[in-house]
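This report looks at how two protein chains sit against each other, and at a few local details of each chain. Please keep the sequence and the structure in view while reading.

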Amino acid sequence: MSTLARKKGFWPTVWDYLTTVDHKKIAILYLIAGGLFFVIGGIEALLMRIQLAIPENDFVSAGTFNELMTMHGTTMIFLAATPLLFAYMNAVVPLQIGARDVAFPFLNSLGFWLFFFGGVFLNLSWFLGGAPDAGWTAYASVALNSPGHGVDFYILGLQISGLGTLISGINFLVTIINMRAPGMTYMRMPLFTWTTFVASGLILFAFPPLTVGIALLMFDRLFGGNFFNPALGGNTIIYEHIFWIFGHPEVYILVLPAFGIFSEIIPTFARKRLFGYTSMVFATVLIGFLGFMVWAHHMFTTGLGPIANAIFAVATMTIGVPTGIKVFNWLFTMWGGSIRFTTPMLYAVGFIPSFVMGGVTGVMLAAAPADYQYHDTYFVVAHFHYVIVGGVVFAILAAAHYWWPKMFGKMLNETLGKITFVLFFIGFHLTFFIQHFLGLMGMPRRVFTFLSGQGFDTGNLISTIGAVLMGIAVVVLLINVVVTSVKGEKVGADPWEDGRSLEWAVASPPPEYNFKQTPLVRGLDPLWIEKMEGKKGLTPAEPLSDIHMPNSSILPFIISIGLFIAAFGLMYHNDYSWGVPVAIIGFIITFGTMFLRSIIDDHGYHIHKEDLLKDDNGGVQA
Amino acid sequence: MVSENSRNPKVDLAFRRKKNAEEMKHQVVSFALMIFLTIVAFITVGYDGIDEWLKVPFIVLLACIQVIFQLYYFMHMNHKGHEGPQFFIWSGIFVTFLTVLAFMTIVWW
């Protein structure tokens, strides 16, 4: 079976995507699902901004505002930013290291479907009696007193999608350690691969605490536990520690791949080798380590005492050093380069000052005594949106334009892309810059309204106008996607013409086997080296031979559906008698399918040498 | 290792024998040390002259040394090609240690 024997049509395509284990198709699934949740989270943000546009507004009720705020944070972190980054990791990392797929294609698919059903479960809460309303952190003291099933949706949904994220993280670790092409040493890996590697390591160590934390919360809420109930000897502060032991590394899980994306874009369009490659790698690893030593800076005001606060304050400020190294390296990469201001490059240039501002307010917040003033004000909201939007979302949008031709074979329209950038950039600063001052003036975060005459009116109105601009920018991007899909022209392997890493050496979109012959990597930026020597393609590391491919499978989808069903059973088991049986049925589906997977031998198939010779596209061709 | 060598009959047998003998020596030495450490641990618990507060950290220290012997000599982590697992094991120990340390020192009850 090769590409030639594929059926076309709507339902065959759907079936193809439901069963696919191909990293490039899973990347597209991540992009679609992550994009959908990004839009949902964005709509929730806009509703909140409309509520806060004028004082004493009653556009939404206080309860609904809490739900919007909780779901905005949860959706954007777990269901939008992480999966969108996974989309690019899936699309690009195997190509960048010269591999034919990830190490465990089946698990890759399972990771996606677990994330997807977890996300769907969480969002169904809107239609089944109210969304979670305890904040994206779900602090135990708030979560345990939240009536209804909202927080249960949060607990069970995140448990399922967290499994998916953990599985995907482990998959990337194994892929990057084991599947690199000959010559691709660690110190020749592109920076996006490096940051993916470190971020996956962080996932490996950070997600188990989250799983434990929300599992304990689940026992407290659904099964009569009292881990966090002080009245019965529990301790609510422990939840905060466990959450932030996860929560702070999570910030780096998001921002390190973003750094990686910009470290790919800047050398490409400055047409210069990345400045200080070794120090970039060192800084990435160092940030990963330091990320685990700073979590208590989220808890300065809980009463840890001056010594603990001082230790965590100093540790937090230390992170500024490797991050500063990175910022200067990006600047020095651009310095003296022959820069092309394409859409991705505009995002990269806009990212540096925006992210540095977020970093500076981060150092301000890290000063524990000052934090007593900033805590729980809009200053904090402004800070983390500068870091996450100015860093991660800019990177996601930049990567969308940068790798779109590689993923879909068509260039996004540059004019529309630049309009998106200008609208989003202006809208972003309009929304969040003023929030620093609202915070310093004393406006608390997570409140659904404010009184007039306190000096908050104009600032909030400006903020809302900015949010609308960001919304328009996203609509322009979606129009761009539709226009490109309908009208766009097919592009070749290296549409930006200055590609440096291996992904630009294969056709766009790449054939299912990626590389006809595994390439030989002769240094950092392998494609650039070959180009400089006047070669058209990469040097192959092996003779042309049959390629072993994994079979598609529907089992990951069914395993995930089982957990989705079981989650409903667990949630309603105190209310209805069908709860326990439904949970059992769900688990039987999941574990039964896992059992089937274990006993059925599936050896995959081969693409034969003769078919490869007939297939002129792809392989090691520029 | 075995499969790699079984493919090649011309492998330097003398060298391998020397290598194996050396490894055996290491294993015997570390085994003897481990038994000795275990005896020390028993004596520590049995001896009344030492304070409880000293006994517990001392035995935990002995246990850590035993785990390192186990991993490096008996599970061959000292061989080449184990850098990846070593890195992740030590990172995991580091993260766990930090967490436990923080919980023991700054979480108020």
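## Domains of chain B

Domain bounds, as used here, come from an automatic or database domain assignment. With that in mind, and remembering that this is a predicted model, chain B is divided into domain 1, which covers residues 2-78, and domain 2, which covers residues 81-109. The contact between these two parts takes four residues from domain 1 of chain B and four residues from domain 2 of chain B.

How much area do domain 1 and domain 2 of chain B bury between them? The value is about 430 Å², and 66% of it lies on carbon and sulfur atoms. Between domain 1 and domain 2 of chain B the count of salt bridges is zero, whereas two residue pairs, both at pLDDT 80 or more, are in polar contact. On the side of domain 1 of chain B that touches domain 2 of chain B, there are three nonpolar residues, one polar residue and no charged residues.

## Annotated spans in chain B

In an unreviewed entry, UniProt gives the annotation "transmembrane region" to residues 28-47, 53-75 and 87-108 of chain B. For residues 28-47 of chain B, the model has 95% helix and 0% strand, with the end C-alpha atoms 28 Å apart. Residues 53-75 of chain B are 96% helix and 0% strand, and here the end C-alpha atoms lie 33 Å apart.

## Where chain A meets chain B

The size of an interface is often given as the accessible area that is lost when the parts come together. Between chain A and chain B the buried area is about 1600 Å², of which carbon and sulfur atoms give 86%. In this interface, 21 residues of chain A are in contact with 14 residues of chain B. Across the interface of chain A and chain B the rule finds zero salt bridges, and it also finds zero residue pairs in polar contact, counting pairs with both residues at pLDDT 80 or more.

Which helices of chain A each supply at least two residues of the side that touches chain B? They are helix H6 (150-178), helix H7 (191-222), helix H8 (236-270) and helix H10 (306-318) of chain A. The largest share, five residues, comes from H8(A). Sorted by class, the side of chain A that touches chain B has 16 nonpolar residues, five polar residues and no charged residues.

## Chain A: an annotated domain and two local details

For residues 9-522 of chain A, UniProt lists "domain: Cytochrome oxidase subunit I profile", again in an unreviewed entry. Over residues 9-522 of chain A, the chain is 69% helix and 0% strand, and the end C-alpha atoms are 42 Å apart.

Most residues other than glycine have a negative phi, and most peptide bonds are trans. Ala138(A), although it is not a glycine, has a positive phi of about 45°, and its place is in the loop between helix H4 (105-124) and helix H5 (140-143) of chain A. A cis peptide bond, with omega about -15°, joins Ser508(A) and Pro509(A). Pro509(A) is found in the loop between helix H16 (457-487) and helix H17 (526-532) of chain A.

Note on methods:
Residues numbered from 1 in each chain as written. Chains lettered and ligands numbered in written order. Predicted model: local features only at pLDDT ≥ 70, side-chain atom pairs only at ≥ 80, totals over all residues. Heavy atoms only, no water. UniProt positions renumbered as here; feature names shortened; annotations may be inferred. Helix = DSSP H or I, 4+ residues; strand = E, 2+ residues; numbered from the N terminus. Contact = heavy atoms within 4.5 Å. Buried area = accessible area lost by both parts, 1.4 Å probe. Salt bridge = Lys/Arg side-chain N within 4 Å of Asp/Glu carboxyl O. Polar contact = N/O pair within 3.5 Å; in protein donor to acceptor, adjacent residues only side chain to side chain. Nonpolar A, V, L, I, M, F, W, Y, C, P; charged D, E, K, R; others polar.
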